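The entries follow the order in which I looked things up.

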Amino acid sequence: MKFSLFYEMQLADPTPETEARLFHDCAEQVVLADELGYHAAWEVEHHGLYEYSHSSAPEVFLAYVAGRTERIKLGHGVTLTPGRYNHPMRIAERVATLDILSNGRVLWGSGKSSSMTEHGSFQVDGATLHDQWLEALEMIPRMWREPVFSFKGRFYDIPPTQVVPKPVQRPHPPLFAACSKPDSAVAVGKLGVGALNFAMGDPLSLGDKVASYRRAARDARPTHWTKNDHFACTPITLCLPDDREACRFGLRGATFFQEAMATYYFSGRRPTGRLPIPRGFLEGAELDAAMAFRGSPDVPSLHVIGDPAHCREAVSRFVEAGVDELILVMQVGLVPHEMVMRSIRTFAEEVMPAFL
């Protein structure tokens, strides 16, 4: 099992000052994770998702932490790949440059976003979004491999061009794609790329999703990239010596994360300003009940929240489901930076060794 960190750059009630501080805090967290032996730091790309995600230029953040770290891999989780967001050639150039400067530490994930906010801001055609994504996905690994690249398709017509620079990793950095629903996991497996999956659903449904992905990946024969059979999950995580403290802050952060995501992705609206979502702590009997529910077989989201013993138990469920990598979402709104730093260290010292 590999253990990584996931960054939305999430911030409840932002101001210019707290937003600026957040970026430096996240960089400090990645530096610590590098020292402690985490596998990767994965960074999203989103635009206009106020409070939920202030990570609109992940290539800049990842380049910055590349210069401050030595071993940790640098994951785009994901680059918004359709051309209204980023031209495929620009993606290929930026990722290759980062791979060079990091001495081959890049993991590249691709996606398309389903938020109405981003679709509207970039004037994305939802009807052709998936096809735009597939065409761009086909092009980018070829740009890394071919001395002279040309392409004529439905959305792009590129004359012979020498796309430079080329990445250090040969033939290219490992490829991943975002997926959440069972059918999207199968689709990603058929493409022969790694799966980046939100940790939603109970352990049984997760195991079924992983098995479906494996069956699809087994038969994949990609022609433009090297197959990557790798299934990763992104559970919300807070690991502290005090179980109740971890649950009090971790469940509050998890609620903020999930409600913010639902507002942007499932409400059918384009919200602006502060999000109308809960921000308070669970207390008393409510917190007791939530803590007791963590190990239930029908839990709707697989969090890794609690003291090291509870976190080891939670991680074991992902191991049993066949997951290859946990990309831990520790940096969420309403969880203080100092607590995230403690969690990164506690998890590394008291949970990771049991699964390495």
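I call a residue buried when its relative accessible area is under 20%, exposed when over 50% and partly exposed in between, using a 1.4 Å probe and protein chains only. Helices (H or I, at least four residues) and strands (E, at least two) are DSSP runs, numbered from the N terminus.

I noted that this is a predicted model, where local features need pLDDT of at least 70, side-chain atom pairs count only at pLDDT 80 or more, and totals for chains, interfaces and linings use all residues. Residues are numbered from 1 along each chain as its sequence is written, and side-chain values use heavy atoms, with hydrogens and water left out.

**Entry 1: α10.** I looked up which residues of α10 are buried, and found Pro308, Cys311, Ala314, Val315, Arg317, Phe318 and Ala321. The helix has 14 residues and reaches 20 Å from first C-alpha to last, close to the expected 20 Å. The expected span is 1.5 Å times one less than the number of residues. After α10 comes Gly322, with a positive phi near 95°.

**Entry 2: α10 with α7.** Two packed helices are described by the angle between their axes and the distance between the axes. I took axes as lines fitted to C-alpha atoms, for helices over the stretch in contact, with angles from 0 to 180 degrees between N-to-C directions. Helix α7 (residues 203–218) packs on α10 (residues 308–321) at about 35°, with the axes 8 Å apart. Contact means heavy atoms within 4.5 Å. Pro203, Leu206, Gly207 and Val210 of α7 touch Arg317, Phe318 and Ala321 of α10.

**Entry 3: α1.** I checked the length of α1: its 21 residues should span 30 Å, and its end C-alpha atoms are 31 Å apart, which agrees. Its buried residues include Leu22, Asp25, Cys26 and Ala27. What covers the buried residues of α1? The cover includes β1 (2–7), β2 (40–43), α2 (58–66), β12 (325–331) and α11. Just after α1, Gly37 has a positive phi of about 95°.

**Entry 4: α1 with α11.** Helix α1 (residues 16–36) packs against α11 (residues 337–350) at about 15°, with axes 10 Å apart. That makes the two roughly parallel, as angles under 35 degrees count as such, over 145 as roughly antiparallel, 65 to 115 as roughly perpendicular and the rest as oblique. From α1, Asp25, Glu28, Gln29, Leu32, Ala33 and Leu36 meet His337, Val340, Met341, Ile344, Arg345 and Ala348 of α11.
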